[in-house]
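Visitor: Please take a close look at one loop and the parts of the chain around it. Where does it lie, and what is linked to what in that region?

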Amino acid sequence: MDGSTQPAFGCRSLSQMTGADYTVVARHLKRLREEDDPLIELVEAGRGKAADRYRLRVPDRYRDQARWIRWRGGLIDVLHPALHMFGPVVALVLEVLSTAPTGATAVAHTARVSRSAGSQALRLLATYNLAVRDGEGWIRGAADLDAIAIELGGDIDAAERRDRYREHRRIWHAIVESWEQEATEPERPERVVAVGPHSVGDAPWPQGPTPEREPDGAFAATAPAVPTGPNYVVVPRPRRRARRSWPDVVPGRTRLEDHGELLTLFELAGIPPD
């Protein structure tokens, strides 16, 4: 999609491309990167609005074979909403079909599915005129995927998923932006407090900060124009206290080295879990 061997697409973006729920995508990515000889390596964990970045690699057991394979240039299309309703096996079989007649066994072999699964997928595609069988094999049909998506409700499902993920991103971006801004406590005005007769004269009210607790100049020794007298004291407003903008750990997310179960970061009210 981006012409790189180190893509950085979020789970929700991959969900829209493949038709699988974003939680399923996250589980599959975790399983793929934890293989002994993986197809992907996590090179940079996502932070803020940036997604995890992976490196695509050829597994060691296929490396010698890959040196002798002629790589074919091309573009892998994002899975159409109509194919979301059929499933990944049917999508793989349809991807293999072209205008050149191909036998069912060859279709299944090229699509990397079993012979029975390939035959079942071809029959389903033929029902919607997405695959046509002639005397020499199977070719791709002339049916319109957009029309099939409307017929099966795939367009509505894709639109609802897109809107739901947009709301997820809006909430997450708002959280990230709140971390990036300097968080300070609001200023509080000075208060004039009446002192009871029993406390007047017991001890002098401090006119400056305590050296071991407050830096010099934390508040002025002279008070503004407020009521004065033996029965009034001025309570200075507290110093603004800056907090660290970024938390050490993203709320609701386990550290990478913990290999824990995936946690849902947030859940919108009124939207049932997928």
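**The loop and its surroundings**

Guide: Gly48 has a relative accessibility of 15% and therefore counts as buried; buried means under 20% relative accessible area, exposed over 50%, and partly exposed in between, with a 1.4 Å probe and protein chains only. The model is predicted, so local features need pLDDT of at least 70 and side-chain atom pairs count only at pLDDT 80 or more, while totals for chains, interfaces and linings use all residues. Residues are numbered from 1 along each chain as its sequence is written, and side-chain values use heavy atoms, with hydrogens and water left out.

Gly48 sits in the loop between strand 1 and strand 2. Helices (H or I, at least four residues) and strands (E, at least two) are DSSP runs numbered from the N terminus. The C-alpha atom of Gly48 is 9.2 Å from that of Glu180, although 132 residues separate the two along the chain.

Asp37, Glu41, Arg55, Arg57, Asp60, Arg61 and Arg63 belong to a network of salt bridges, a salt bridge being a side-chain nitrogen of Lys or Arg within 4 Å of a carboxyl oxygen of Asp or Glu. One of the links is between the side chains of Asp37 and Arg57, at 3.0 Å from N to O. That pair connects distant parts of the chain, 20 residues apart: Asp37 is in the loop between helix 2 (22-33) and strand 1 (40-44), and Arg57 is in the loop between strand 2 (53-56) and helix 3. Both Asp37 and Arg57 are buried.

Arg57 also forms a salt bridge with Glu41, here at 3.4 Å from N to O. Because Glu41 is in strand 1 and Arg57 in the loop between strand 2 and helix 3, this pair ties together parts that are 16 residues apart in sequence. Arg57 has a relative accessibility of 18%, which is why Arg57 counts as buried; Glu41, at 28%, counts as partly exposed.

Arg67 and Asp64 both lie in helix 3, three residues apart, or about one turn of the helix. Arg67 is exposed at a relative accessible area of 57%, and Asp64 is exposed at 55%. Under the salt-bridge rule, the count comes to 11.

Val58, Tyr62 and Trp71 make a nonpolar surface patch of about 340 Å². Patches are made of residues with over 30% relative accessible area and no salt bridge, with like charges joined within 9 Å and nonpolar side chains (Val, Leu, Ile, Met, Phe, Trp, Tyr) within 5 Å. Trp71 is in the loop between helix 3 (60-67) and helix 4 (81-84). With a relative accessibility of 63%, Trp71 counts as exposed.

As for the chain around this region, it holds nine helices and six strands. Of its 274 residues, 23% are buried. Among contacts (heavy atoms within 4.5 Å) between residues at least 6 apart in sequence, 61% join residues at least 24 apart.

Key
Areas by Shrake-Rupley, 256 points an atom, 1.4 Å probe, with all protein chains shown as cover.
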